[in-house]
Every structure is written in structure tokens, then in C-alpha cells.
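Q: I would like to learn how to read the features of a protein model, one at a time. Could we go through them together?

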Amino acid sequence: MDTLLLLDRWVIRYWMREYRPYNDAGRDYRTDMGKALCRYPHVVLYCKRKAPECAGFVDAALALVPDSLSPEEARAAETAILDYHQSFVVYAYPEVMEEVNYIRCWKPERLYELADLTERMVLDVGAGTGRLAFAAAPLAKRVYASEPCDALREYMRDRIYREGIANMKVLDGVATDLAFEDNTFDVVMSGHVVGDEYDRELGEMIRVAKPGGWLVCCNGDDEFRRSGPNRELVERGFDFVRYESSEGGIIYNYRKQVVKD
């Protein structure tokens with residue numbers, strides 16, 4: 001549970017919400033959160049100070065913990081909570097994230113076949129460890145990597161420094177609120193980002209893209225054999241490229257040229 005000490009405010013806010021049911025066992029999320037936190041008062045203090053808007057949820061969760069809670073029951077609750085939020089847990093450990101198959105097995109050529117990056121102004125939305133941004137940097141005029149997780153931003157900045165990359169800059173930002181002027185980028189790309197709020201996410205990406213620019217959704221390589229492309233993106237006018245990954249998965253990547261009045 002000490003992983004929570006490495007998470008940003010927006011992630012803690014996301015965790016400290018009601019999810020019911022939140023897994024196949026039908027466990028109660030608030031109760032499990034209380035059981036998971038009760039043995040770690042320093043984590044409780046951090047969460048309430050880092051995200052004070054969540055203090056009420058935290059207190060209510062802790063109030064549900066029985067006096068008879070055993071170490072085994074507490075551990076089971078911790079495991080359930082962390083398993084449920086595993087995609088967020090990995091954000092706190094960039095070196096581990098780099099070894100996840102969808103990053104480790106991916107090849108930059110998959111990005112290059114979607115858009116011409118040569119001397120372009122490029123934005124990577126939700127950059128993570130920089131899979132797409134670092135692939136674009138050798139070709140692009142300038143690359144901006146927008147990422148809301150501090151640990152991932154610092155990981156990218158360290159790599160930029162080590163490798164002496166002069167045309168890449170990292171900054172804070174979420175897909176629904178990009179810190180750039182209208183009509184700034186020739187290519188706006190992302191991977192495993194678009195999908196929670198299509199209208200807001202794509203609306204922001206279109207806003208910062210130049211007329212005639214490109215939106216690119218370039219996913220990583222994994223083992224999942226998808227039965228078809230993302231219907232929502234196809235209905236919104238995205239073309240797609242299908243291929244079989246080295247992990248055996250069926251991957252779909254997407255692109256769309258931006259048209260503005």
C-alpha cells in the first residue's frame with residue numbers, strides 16, 4: 001500500500017471513489033479500501049493531505065473495518081484493491097512499466113507507417129514512459145510529451161538528459177485539457193489513451209492540431225486477439241491498420257486527417 005505514497009493527487013482521487021461491484025467476487029469496494037488502509041496510518045495521512053477532497057471517503061471506509069479484522073483478511077483486501085488498480089500501480093514504477101509487453105515488444109515502425117513525422121511539430125498525449133515521443137524525436141522538428149503522472153514525467157526527463165535529446169519537452173497535462181494553443185501541431189498522437197471520454201479527448205486533440213494535420217492512435221503490442229477495430233473511432237472517421245504482434249495479439253492502429261472550417 002506504500003505505492004499510494006508515489007501517486008499523484010488525481011490518481012488518489014480516482015481510487016477514493018465508490019466502485020460496486022468492483023470485481024468478480026462481489027466484494028464491497030469501500031469496505032476493502034478501509035481494510036487495506038487501516039494498517040498504514042502514514043498512507044491514510046498522505047492520502048488525506050494530498051487529496052483533501054477524499055478525506056470523507058477515507059474516514060467512512062475506515063469506519064467499516066471490524067475490530068476483529070485478521071492480518072489475513074487485511075492482506076486479502078489489499079490484494080483485491082491493488083489488483084483492481086494495477087494499471088495505476090505500474091505508473092509509479094516506470095522501469096517496470098517499460099517491461100510490460102505492450103511497450104517492450106513494440107517497434108517504432110508501427111508509428112512511422114501512420115504519419116510522416118519529418119520536421120513536424122508533434123504532440124504525444126498521455127505519453128507514459130515516452131514510447132511514441134522518443135520514437136518521433138529523431139524525425140520531428142519538435143516533440144512535446146504531455147503526461148499527468150509526475151513519476152513518468154521525471155522518467156522521460158531523465159532519459160532526455162542522458163541521451164542529449166534537444167528537440168523534446170515534457171510537461172503536465174491530461175487528454176481533456178491540453179496546455180497548448182489552437183492549431184499548434186502537425187501530428188497529435190496517443191496510445192492506449194482515447195476511450196474514456198471520446199468527445200472531450202478527441203475534441204482537445206483536434207483543437208490543438210493544425211488544419212490538415214493528423215490524429216494518430218498507435219497502440220502497443222500485446223497478446224490480445226481483438227475481433228475488430230474500435231467501432232467508435234471508425235464511426236468518427238478514423239482509418240485503421242491491422243497487424244499481428246510478436247506477442248500473438250491482433251492490433252489495430254488508427255489515424256485521421258483533421259479538417260477544420
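Q: In the hairpin of strand 6 and strand 7, which residue takes a positive phi?
A: Before the answer, a word on the source: this is a predicted model, in which local features need pLDDT of at least 70 and side-chain atom pairs count only at pLDDT 80 or more, while totals for chains, interfaces and linings use all residues. Residues are numbered from 1 along each chain as its sequence is written, and side-chain values use heavy atoms, with hydrogens and water left out. Helices (H or I, at least four residues) and strands (E, at least two) are DSSP runs, numbered from the N terminus. In this hairpin, which has five residues between its strands, glycine 248 takes a positive phi near 95°.

Q: How do strand 6 and strand 7 run, and how many bridges join them?
A: Strands of a sheet pair through backbone hydrogen bonds, either parallel or antiparallel. Two strands are said to pair if DSSP finds at least two bridges between them. Here strand 6 and strand 7 (residues 250–257) run antiparallel and are joined by six bridges. Within strand 7, tyrosine 252 is the bridge partner of arginine 242, and isoleucine 251 stands opposite tyrosine 243.

Q: In what order do the strands of the sheet lie?
A: The seven strands form an open sheet in the order 3-2-1-4-5-7-6, with mixed pairing. Strand 3 (168–171) and strand 6 (239–244) are the edge strands, each pairing on one side only. From one strand to the next the twist averages 15°, where axes are lines fitted to C-alpha atoms, for helices over the stretch in contact, and angles run from 0 to 180 degrees between N-to-C directions. Strand 5 and strand 7 pair in the antiparallel sense over four bridges, and cysteine 217 stands opposite tyrosine 254 in strand 7.

Q: Which strands does helix 11 lie across?
A: Contact here means heavy atoms within 4.5 Å. Helix 11 (residues 150–163) lies across strand 2 (142–146) and strand 3, running at about 160° to strand 3. Helix 12 (residues 198–208) also packs on the sheet, touching strand 1 (121–125), strand 4 (185–190) and strand 5 (209–217), and its direction makes about 135° with that of strand 5.

Q: Which residues lie nearest the centre of the largest pocket?
A: On a 1 Å grid over the protein atoms alone, a pocket is an open set of points where a 1.4 Å probe fits, with protein on both sides within 12 Å along at least five of seven lines, and lining residues have an atom within 4 Å of a point. The largest pocket is lined by 35 residues, of which Trp10, Tyr91, His192, Val193 and Asp196 lie nearest its centre. Helix 1 gives the largest share of this lining, three residues.

Q: Which residues are closest to the centre of the second largest pocket?
A: Of the 14 residues that line the second largest pocket, His192, Val194, Asn219, Asn230 and Tyr254 are the closest to its centre.

Q: How many aromatic pairs does the structure hold?
A: A pair of aromatic rings is described by the distance of the centres and the angle of the planes. Rings of Phe, Tyr and Trp (its six-membered ring) pair if their centres lie within 6.5 Å, and planes under 30 degrees apart count as stacked, over 60 as edge-to-face and the rest as tilted. The structure holds 14 such pairs. In the pair of tyrosine 14 and phenylalanine 88, the ring centres are 4.9 Å apart and the planes stand at 40°, so the pair is tilted. This pair links distant parts of the chain, with tyrosine 14 in helix 1 and phenylalanine 88 in helix 6, 74 residues apart.
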